[in-house]
Amino acid sequence: MALDANHFAVYVAMQSIILSFSTLILTASGSSFTSSMGPLLPYDLLYYSGVRAYFQEDWDKAAEFLEKSIANKESMRRLRRKCHEDCFDAGTDMLAKLDSEGGSLWDLQALEWVQQRAECLRFCVGRSVSPAGLLPVSIDIDYEFSTRNPYNFLQVIYYKLEKLQKAASAAHTFFVANPSHLEMRNNIEKYRRMKGVTEAAFQDREQHKEMHWALYDSALLSEASSDWPLAARKWRESVNETLRQTEDCRVHCQMSPQSLPEDRGVDGVDGVFEKAAVLSLSLLSCQQSCVTQVATRPGRISAQEDFLPTQLEHQHIAQFKADDLAGAIQTLHSLLLFYPSDTDSLGNLQFYYETLGEDKESQDKDKQPAQEIANYVNRSLQEKKLLYFGKENLGSDFIDPDLWTPEDVIPESLRESWRAEKEKLNKNVKEEEKEEEMDDSGFYAGGPVPQVGVTITMDDVAMNGTNRVVLDGVMTSKECDTLLQLATAAASAGDGYRGRRSPHTPHEKFEGLTVLKAAKLAQDGMVNQSDARLLHELGERVRTLLDSYFRSPPGLVFSFTHLVCRTAITGDQEGRLDLSHPVHVDNCLLEPETGHCWREAPAFTHRDLSAVLYLNDNFDGGDLFFTTRDAKTVQARVRPGCGRLVGFSSGPVNPHGVTAVTAGRRCALALWFTKEKLHRDVEREEAEALWAADGQGVAKATEEGEAKGTSGRSGRSQTQGDKKSRGRGRVTGGKDEL
């Protein structure tokens, strides 16, 4: 039965305050009900006990208590959700009378409804939880668990107990939510090198709480590979899981112990209706904030704006490309519930109808928004009306988490300030868009090219970007042939990928070689010493050129040098639509939907300048291309060739990818430079030490990264960048072999 809209606020308020009273009564009186495994102990007590045992170095006890605290917290969350579902119908027989009753009798009917619900919840929770477990948990403990600090303790404990697989798992789980924790990052790298630690250890133990993000990323990957039926399914799953996670969060707001208004220092709240209003508004504000909580990735500070509408936009596009027009129309109708006057969405809807060959009026009768989305929007709008009413008339505070809130929901007296706040937000967004292409790396393109014969083929203007350059004539054809032969000779014995399939695509095979490995192979007589030294010398040549052209700040050092070849797998190219390397940024994790680039693991945040020196062009595909931060709009494309060098700053102004290598073998020398000496290329230094021990010196630029030699001639031949094209790509973190 539909409730009278005029009674809705009272329902919520009375339910909230009765739930709080019942929680306090249950806490004070205790309960005789227990589960078959015994009552749940409070997880905060278990956590305190675990931390105490940790500092006493009682590692077994510490592990036991901390693991139980994590398990009990999760059990409490599931119990609250189950009790919420089991008691949902409690007192519903009273609802049928509410709209027909009036005056004090109506109040009594409403009170009986919430009392029956409260009694059901009290019984359901109380039979499985100890009396102490019903007490509110302190803010400090909530913070410890929200930052995953129990896993910080556990990784040390399991290391002490020599349970390395569990230690690595705890370290990884903590690091996901604390990506700037350098010590934990170093610990993880150590665990990866330890005997007995497998890749299975590096799984997020809390992933079940963030499953919507896993589905979101999976959907983006399906888009990147143009698998539209799979992408449509993944987006649908992502939307459903987002709704489920939001509902879980809302239940937590309702079921967690809450203090009554008089305990919050609320001035002027004396009567039961005032208290009911304050508590109900607090509940609704908490439930509205779930939008922000669900849209925030672990370890991130800010939420992704318009998280649910964005997924619906992806979904209808994927459905259209998968030839599911009926599904695309329904999803688009769902999206229009958030933005009913959006011209792009309305235009797409009209296009879908025309594609079907039917008029909009007849289609609208059959194609309605998804019911779960309609319910979500209607409930949210009703809650916002109550919250804004409370803000206007009761002095309550409310921060609206949504950009799509329509103006007619806002009371007239608040609209002016609401418009000003919205205008300020839009202004900030526009300023961010303007600043998007500003590069604060400290590099400034346009310096001299200190090598005779090297010419500037493309600069910032030709490449439609910032701090980008293409130089030709950096190597001779003989030098290219020498390194190609080195790559062939060292592939089976070399390092890198050991000839396994690419980490970015199953259609290519990767082979790699570092300077140190080449030096060791030369020392063992497996490759020519001169070839290995050429690999090293070319790195110095690249640094000299780019250091001068980009007018680098002092102290630029090598971070990593890698000779890498990618070979198209014969017979596995038909119908291929993916990329050899998806669009990415070298020193941060790019989110195409928001334009943000997060400087956190697994990105190599220390990288400042990137370069790729090509060795050949006798292959199909394999072009390097640059995009805007949406990872879709191509700004420039570079065709590899012997002696062609591409240099660019490693930050978010330079998203780039590599088109599929569909035939042949593409080889290049990839190099990265950093201003942080802590992250210098230690392997390169070891190779230099090997040669020095054999009495062989190596040619190097100065320690400060300043080029030696005189300025040579520089030629410039402007070429037009490719026309911009649109096509969704997936940004991935990880090792960037360009």
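Two strands are taken to pair if DSSP finds at least two bridges between them, and the strands themselves (E, at least two residues), like the helices (H or I, at least four residues), are DSSP runs numbered from the N terminus. The structure is a predicted model, in which local features need pLDDT of at least 70 and side-chain atom pairs count only at pLDDT 80 or more, while totals for chains, interfaces and linings use all residues. Residues are numbered from 1 along each chain as its sequence is written, and side-chain values use heavy atoms, with hydrogens and water left out.

Strand S4, which covers residues 557–568, pairs with strand S14 (residues 661–674) in the antiparallel sense over 10 bridges, and within this pairing Phe558 has Phe673 of S14 as its bridge partner. Strand S3 (residues 508–513) is likewise paired with S4 in the antiparallel sense, over six bridges, and here Leu513 stands opposite Leu563 in S4. S4 is mostly covered, 12 of its 12 residues being buried, where buried means under 20% relative accessible area, exposed over 50%, and partly exposed in between (1.4 Å probe, protein chains only).

His581 belongs to strand S5 (residues 581–584) and is buried, with a relative accessible area of 0%. Its side chain makes a polar contact with the side chain of His584 at 3.4 Å; such a contact is a pair of N or O atoms within 3.5 Å, of which, within protein, one must be able to donate a hydrogen and the other to accept it, and residues adjacent in sequence count only if both atoms are side-chain atoms.

Among the helices, H10 (residues 211–224) and H11 (residues 228–255) pack at an angle of about 160°, with their axes 8 Å apart. H10 is therefore roughly antiparallel to H11, since angles over 145 degrees count as roughly antiparallel, those under 35 as roughly parallel, 65 to 115 as roughly perpendicular and the rest as oblique. The axes are lines fitted to C-alpha atoms, for helices over the stretch in contact, and the angles run from 0 to 180 degrees between N-to-C directions.

Asp306, in the loop between helix H13 (290–294) and helix H14 (307–321), has a phi near 55°, a positive value in a residue other than glycine. Asp323, in the loop between H14 and helix H15 (325–338), has a positive phi of about 65° although it is not a glycine, and at 71% relative accessibility Asp323 counts as exposed.
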